[in-house]
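Good morning, and thank you for coming.

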Amino acid sequence: MSTASSPYARITDMLSNVANFNCIDTTLREGEQFANAFFNTEQKLKVAKALDDFGVEYIELTSPVASEQSREDIEKICKLGLKCKILSHIRCHMTDASVGVETAVDGLNVVIGTSSYLRKFSHGKDMDAIYKVAGEVVTFIKSKGKEVRFSSEDSFRSDLVDLLKLYRYVDKLGVNRVGVADTVGCANPRQVYELIRTLRGVVNCDIECHFHNDTGCAIANAYCALEAGATHIDTCVLGIGERNGITPLGGLAARMYVADKAYVTNKYNLHKLRDLENMVAQFVEIQVPFNNYITGYCAFTHKAGIHAKAILNNPTTYEILRPEDFGMTRYVSIGHRLTGWNAVKSRCEQLDLHLSDDEIKEVTRKIKELADIKPLNIEEVDSLLRVFDKKLELTSHENIYAAAEAAGVDFKNDEN
């Protein structure tokens with residue numbers, strides 16, 4: 001791992017792929033399992049193009065046996081001429097594989113449940129039966145010249161010995177990747193590191209990881225997997241997917257940017273993230289969360305006075321991410337009781353107003369007094385600053401409110 005580009009990256013072991021990983025975005029497969037999701041063909045094409053523009057290395061699509069429209073959509077996406085590879089997700093079943101290899105995808109992502117829960121209550125196969133069907137499916141797909149990944153499902157509730165033996169078996173068959181899936185989101189970063197570190201010593205092929213976010217560990221788990229030697233991480237735009245979804249593309253980008261800024265900024269078109277997320281949010285009829293990684297409207301908003309002063313002097317004091325690298329801008333909020341005079345001074349300079357430091361401190365006190373009644377929006381603050389710039393005497397309580405009214409501050413509808 002290269003640590004020169006990030007003072008925050010710690011020394012990692014030789015197996016780490018923190019600066020050498022691939023994203024397999026599955027918004028058009030896992031994302032279709034999101035409660036609100038229904039992507040029509042036109043939307044799928046737009047999402048696929050946007051993901052390719054962002055720079056993901058792979059796009060995973062819904063199985064061609066899911067529906068006739070799903071199969072047709074696969075063919076249309078494959079004809080777009082995208083730079084990334086196109087994959088389709090299928091069950092470990094010869095029927096699925098037979099249909100899958102007839103499509104124009106670059107590879108097939110094969111999955112079968114290996115935990116006792118899924119062996120008993122889902123497909124009903126014991127480990128011997130899983131070995132048999134896995135061998136048949138993997139060998140068949142390889143014979144057709146397709147890339148193949150073999151993944152266990154519910155990996156972290158599967159017996160470790162069974163799991164490692166199965167991975168070693170399919171690795172010897174020549175799979176491109178084995179997959180580890182935290183299907184129910186139960187794993188923690190330490191468990192992930194230990195399993196992937198062990199698996200890395202068992203197989204020679206690449207290792208793909210798929211982390212659900214039911215307990216809030218998806219991004220941390222993905223990072224630890226890469227530290228331990230995983231090579232590919234499954235993502236979804238905005239983290240959508242079954243239940244609480246999986247590792248969000250933007251969230252992973254933020255985490256990896258801090259680990260190795262140069263690698264991530266050279267690898268992905270980060271400034272395209274906001275439009276990509278807004279588009280997917282519109283298609284699935286949700287709002288981008290206020291605290292969303294990178295693109296949430298609060299992501300680069302600074303409010304506390306002590307924070308604002310430092311940010312204005314040096315943004316890295318309170319920003320681990322550089323908003324400009326993502327096509328974003330920072331915002332220093334000043335229309336509230338926590339504001340500081342340095343932030344107000346910066347706004348005066350932006351407006352080309354000529355107030356002395358004493359005058360700025362005075363107007364800051366007035367803003368705080370007014371904001372004790374209700375927060376002021378930026379237009380109201382700007383108008384108030386312009387009133388002060390006219391050198392009005394605002395010493396009395398009445399004059400303060402007269403100035404506020406002149407600045408357009410409306411207290412009439414405030415419940416307080």
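Is histidine 232 buried or exposed? Histidine 232 is buried, because its relative accessibility is 2%, where buried means under 20% relative accessible area, exposed over 50%, and partly exposed in between, with a 1.4 Å probe and protein chains only.

Before I continue, two remarks on the source. This is a predicted model, in which local features need pLDDT of at least 70 and side-chain atom pairs count only at pLDDT 80 or more, while totals for chains, interfaces and linings use all residues. Residues are numbered from 1 along each chain as its sequence is written, and side-chain values use heavy atoms, with hydrogens and water left out.

Histidine 232 belongs to strand S8; helices (H or I, at least four residues) and strands (E, at least two) are DSSP runs, numbered from the N terminus. In a regular strand the side chains alternate between the two faces of the sheet. In S8, residues 232-235, His232 and Asp234 point one way, Ile233 and Thr235 point the other way, and all are buried.

Now to the strands beside S8. Two strands pair if DSSP finds at least two bridges between them. S8 pairs in the parallel sense with strand S1, residues 22-25, over four bridges, and aspartate 25 stands opposite threonine 235. S8 also pairs in the parallel sense with strand S7, residues 206-211, over two bridges; here glutamate 208 is the bridge partner of histidine 232.

What are the polar contacts of the histidine 232 side chain? With a polar contact taken as a pair of N or O atoms within 3.5 Å, where within protein one must be able to donate a hydrogen and the other to accept it, and residues adjacent in sequence count only if both atoms are side-chain atoms, the side chain of histidine 232 makes one with the side chain of asparagine 22 at 3.4 Å and one with the side chain of threonine 231 at 2.7 Å.

Finally, the cores. A nonpolar core is a set of buried Ala, Val, Leu, Ile, Met, Phe, Trp, Tyr and Cys residues joined through side-chain atoms within 4.5 Å. The largest has 97 residues, of which Ile59, Ile141 and Phe150 touch the most other members. This core draws at least three residues from each of domain 1 (22-284) and domain 2 (301-406), the bounds coming from an automatic or database domain assignment. A second, separate core of 19 residues includes Ile311, Ile334, Val363 and Leu370.
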